[in-house]
Amino acid sequence: MEKYIINGGNRLTGEISILGAKNAVLPILAATVIGGNKSIISNIPNLRDVEIMKEILIALGCSVDGTGSTMVIDSKPLNQIIVPEELVREMRSSIIFMGAMLARTGEVIISYPGGCEIGPRPIDLHLKALRNMGAEIEESHGHLYCKTEGLKGADIQLDYPSVGATENIILAGVTAEGTTIIRNAAREPEIIDLQNYLNKSGARISGAGTSVITIEGVKNLRDVTHSIISDRIVAGTIMTAAAITGGDIIINNVIVDHVIGIIAKMKEAGVMIYSNGTSMKVTGPRRINPIEMLQTLPYPGFPTDMQAQMMALLSIANGTSIISETVFENRFKHAEELTRMGANIKTFGRVAVINGVKELTGAKTTAKDLRGGAALTLAGLVARGTTEVYNIHHIERGYEDLHLMLQKLGADIIKSN
Ligand SMILES: CC(=O)N[C@H]1[C@@H](OP(=O)(O)OP(=O)(O)OC[C@H]2O[C@@H](n3ccc(=O)[nH]c3=O)[C@H](O)[C@@H]2O)O[C@H](CO)[C@@H](O)[C@@H]1O
Ligand SMILES: C=C(OP(=O)(O)O)C(=O)O
């Protein structure tokens, strides 16, 4: 089983460039099946989740080609309606094939999605919306049998601005008859990237990035070339690496607008940040300030995907911080692991109280999920002695060679068997 071994204490300095966003590329790859067209997608990070998406596309009959960070997908030869269960169970984003395949073939058999265990993660909002659009969905033994005689535009009010449900509805609406309106839609930047990709191929979508999205159904999609936006959560993770080590890092190829919520909280913690559109200089203070209240919220609120990393940072703050996790029910598994490293953290349901300690000490820890694993790695950078992070396959779902990025910035970290 692969692990990271980190000898803490190095101040991280240097320059790094951020790659494409996992949460943007995954729904876009699912969307490539809709048109029976060719999509050339660039700036794709090399991640386990991307690999699984690729395997699903191939299993559905699509041709998938390309080198390095560019993928060429031709969905014309698609000839299957079953999305393989063992792949669907690997990650959450596989559920986006439901909307995409209903749009393409009017039929799909898919199981309940897997992914990080950070709460129950139901898909009721997806199912309700797709049923409203004319899909018949039967659930049996963990499988969803979905069929439609033809999707129809609908006016959909989401009870919660779910990212995945918003994406599924957009995809179902692309070639549906008439107009689909999503109210209380998720406003994440990755939704805008999905809209941009689809519109380049001839879809007629507007409003992504706001809470009302309108999709006018079209008959056909054409070939398309698209470059994925950079990953705001990887950028935030590297910002935390600078902050936690008292380092000084220039982060390039970041869309600063997408990390404003993260910058605000980092500044509260005493981190110095200078930015100019696509670059940031992040300098950690001598001692981190506590944050009175950090609450995770749908975008543009503070991202839940940065909560664990911030907890690692605040564990060495000069005082007490409170984190309230409002998005997922069970996303504090890293707290117990950080405690092994000397952190003083108490959790009460969805609230964590972090009493900052002067120093963390190296320990054997286990990544329980993707961002929790990143948080342990960050803590290891500053801990006295050696930290081992096990189960790094979780981390590799969302970070391309995190250890190499950190090595480049001066960290003493290796990946080992
Ligand atoms: C691949 C991807 O883009 N993943 C992101 C996406 O996940 P994902 O799309 O799964 O997140 P959602 O926005 O759908 O989920 C947010 C909350 O809504 C609940 N919910 C969701 C759908 C539903 O039908 N019913 C329901 O109750 C979920 O259980 C959760 O508590 O957004 C999350 C919230 O920003 C991020 O943490 C994930 O990194
Ligand atoms: C929870 C995450 O991803 P997913 O929705 O793919 O599990 C994440 O990126 O932190």
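In which strand is the place of Gly14? Gly14 sits in strand 2, which covers residues 13-17. The model is predicted.

**Gly14**

Gly14 is exposed, because 12 other C-beta atoms lie within 10 Å and the cut-off for exposed is 12 or fewer. Setting aside neighbours within four places in sequence, Gly14 is in contact with Ile249, Lys408, Leu409 and Gly410. Take Leu409. In sequence, 395 residues separate Gly14 and Leu409. In space, their C-alpha atoms are 5.4 Å apart.

A UniProt record, an unreviewed entry, places the feature "binding site" at Lys22 and Asn23. Lys22 belongs to helix 1, residues 22-31. Asn23 is in helix 1 too.

Are these residues buried or exposed? Lys22 is buried, because 27 C-beta neighbours fall inside 10 Å and 20 or more is the cut-off for buried. Asn23 is also buried, with 26 other C-beta atoms within 10 Å.

What does Lys22 touch, not counting residues up to four places away in sequence? The list is Pro45, Leu47, Asp49, Asp231 and Gly398. Two of these residues, Asp49 and Asp231, are aspartates.

**Burial at a glance**

| Residue | Other C-beta atoms within 10 Å | Class |
|---|---|---|
| Gly14 | 12 atoms | exposed |
| Asn23 | 26 atoms | buried |

Key:
Residues are numbered from 1 along each chain as its sequence is written. Chains are lettered from A and ligands numbered from 1 in the order in which they are written. This is a predicted model: local features need pLDDT of at least 70, side-chain atom pairs count only at pLDDT 80 or more; totals for chains, interfaces and linings use all residues. Helices (H or I, at least four residues) and strands (E, at least two) are DSSP runs, numbered from the N terminus. Two residues are in contact if their C-beta atoms, placed from the backbone, lie within 7 Å. UniProt positions are given in the numbering used here, feature names are shortened, and annotations may be inferred rather than shown by experiment.
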